[in-house]
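Here is a short tour of one model. Keep the sequence and the 3D view side by side while reading.

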Amino acid sequence: MYSELQKIIEQAWENRELLKDSVVQQAIREVVELVDKGQLRTAEPVDLEKSLWQVNEWVKKAIILYFPIQPMRKMEAGELEWFDKMDLKHGYDELGVRVVPQAVARYGAYIASGAILMPSYVNIGAYVDTGTMVDTWATVGSCAQIGKHVHLSGGVGIGGVLEPVQAAPVIIEDNCFIGSRSIVVEGAHVCREAVLGSNTVITGSTHIIDVTESEPKTYKGYVPPRSVVVPGSYRKQFPAGEYSVSCALIIGRRKESTDKKTSLNDALREFGVSA
């Protein structure tokens, strides 16, 4: 469907001199517009039941190429002033998105109808699906994929990634609850209905240790569906001695048969997880 656009983008990626061509510039802008409208994504689910996703590298390339063709310009809102290449997103009323003052989303980020942006920031290439709340001072980085009915609590940091283009963005699947001041970065993947307690840090190399069975099981950069996760630590030997290293602990599972909101409240109470 978008094969011609992809061909132009790939050619410009290999030869930056082509960025001077108006046809190439138009193709880049068309891709970014499609991303802004949610018709193209930098990553998309292949099989949600199995939590399988694919990265659309050529779309990420188009976003990267968008920067050098955009002129710097001054933007003003009353006495506030900015100097940047990217426009801000507009038309929230028509989109059906509730946006509280001080919330900012860049053009090229898709925000679905029914989403709520408290004072927060959503970067270009990101995808925020319907029913999701981006709470106060939360940030959604470039190309991050946020599913339906997700709650990103206050101060949550969702990392962004543009380069390398083959790198997977952060993925937060449907019905997840990300507790306040948690950080999810480096292409980490949080599967559907998972709960992260406050201050949980998930990176691409974080040890995510399932301690619900008699023997621990360790994941890296991946939180399985319905996991209830809290910050933890483990002991590691270094040349200078043994020290505690931060990790994340899977301490339970949300019940699949329970209503999502009830299940979330139960998880917070039952496992003593701070929101």
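Six strands form an open sheet in the order 6-9-12-15-18-21, with parallel pairing. Its edge strands are strand 6 (104-105) and strand 21 (201-202), each pairing on one side only. Strands here are DSSP runs of type E with at least two residues, helices are H or I runs of at least four, and both are numbered from the N terminus. Two strands pair if DSSP finds at least two bridges between them.

This is a predicted model: local features need pLDDT of at least 70, side-chain atom pairs count only at pLDDT 80 or more, and totals for chains, interfaces and linings use all residues. Residues are numbered from 1 along each chain as its sequence is written, and side-chain values use heavy atoms, leaving out hydrogens and water.

| Strands | Sense | Bridges | A bridge pair |
|---|---|---|---|
| Strand 1 (residues 43-47) and strand 2 (residues 52-55) | antiparallel | four | Asp-47 and Leu-52 |
| Strand 9 (residues 121-122) and strand 12 (residues 139-140) | parallel | two | Tyr-121 and Thr-139 |

Strands 1 and 2 form a hairpin with four residues between them. In its turn, Ser-51 has a positive phi of about 55°.

**Helices**

Helix 1 (residues 3-14) packs against helix 2 (residues 22-36) at an angle of about 120°, with the axes 9 Å apart. Axes are lines fitted to C-alpha atoms, for helices over the stretch in contact; angles run from 0 to 180 degrees between N-to-C directions. Helix 1 contributes Leu-5, Ile-8, Ile-9 and Ala-12 to the contact (heavy atoms within 4.5 Å).

**Cores**

A nonpolar core is a set of buried Ala, Val, Leu, Ile, Met, Phe, Trp, Tyr and Cys residues joined through side-chain atoms within 4.5 Å. Buried means under 20% relative accessible area, exposed over 50%, and partly exposed in between (1.4 Å probe, protein chains only). The largest nonpolar core has 36 residues. Leu-117, Val-122 and Leu-152 are among those that touch the most other members. Apart from this core lies another, of 29 residues, including Trp-13, Leu-19, Val-35 and Val-59.

**His-189**

His-189 lies in strand 19 (residues 189-190). Is His-189 buried or exposed? His-189 counts as buried because its relative accessibility is 11%. Leaving aside neighbours within four places in sequence, its contacts include Ser-51, Trp-53, Glu-173 and Tyr-222.
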